[in-house]
Amino acid sequence: MHTQPNGTGYIAAHTHKYGTGKLPIELADGRVFTLDLDELPRPESGSGTR
């Protein structure tokens with residue numbers, strides 16, 4: 001996930017594995033959005049995608 005956009009890209013990048021709980025993301029207006037990594041869809045095995 002990329003955060004803190006600026007005129008040429010993003011200042012920060014965060015990498016987290018699927019199924020590793022909840023990821024709190026601070027928004028610019030002070031609110032916090034929580035992304036539940038356990039709920040992300042997983043590719044079907046044998047589909048040839050990675």
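This report describes a pocket, a pair of strands and the salt bridges of a predicted model.

## The largest pocket

The largest pocket has a volume of about 160 Å³, and its lining is made up of T3, Q4, H14, I25, E26, L27 and A28. Two elements, β1 (2-6) and β3 (22-26), each give two or more residues to this lining.

Strand β3 runs antiparallel to strand β4 (residues 32-36), and five bridges join the two. Within this pairing, I25 stands opposite F33 of β4. The hairpin that β3 and β4 form has five residues between the strands, and in it G30 takes a positive phi near 95°.

## Salt bridges

The structure holds two salt bridges. In one of them the side chains of K22 and D36 meet, at 3.1 Å from N to O. Because K22 lies in strand β3 and D36 in strand β4, this pair ties together parts that are 14 residues apart in sequence. K22 is exposed, with a relative accessible area of 56%.

A salt bridge also forms where the side chains of D29 and R31 meet, with 2.7 Å from N to O. R31 is likewise exposed, and its relative accessible area is 55%.

Methods:
Residues are numbered from 1 along each chain as its sequence is written. This is a predicted model: local features need pLDDT of at least 70, side-chain atom pairs count only at pLDDT 80 or more; totals for chains, interfaces and linings use all residues. Side-chain values use heavy atoms; hydrogens and water are left out. On a 1 Å grid over the protein atoms alone, a cavity is a set of points where a 1.4 Å probe fits but cannot get out, and a pocket is an open set with protein on both sides within 12 Å along at least five of seven lines; lining residues have an atom within 4 Å of a point. Grid points are joined across faces, edges and corners, and a volume is the space filled by probe spheres set on the points. Helices (H or I, at least four residues) and strands (E, at least two) are DSSP runs, numbered from the N terminus. Two strands pair if DSSP finds at least two bridges between them. A salt bridge is a side-chain nitrogen of Lys or Arg within 4 Å of a carboxyl oxygen of Asp or Glu. Buried means under 20% relative accessible area, exposed over 50%, partly exposed in between (1.4 Å probe, protein chains only).
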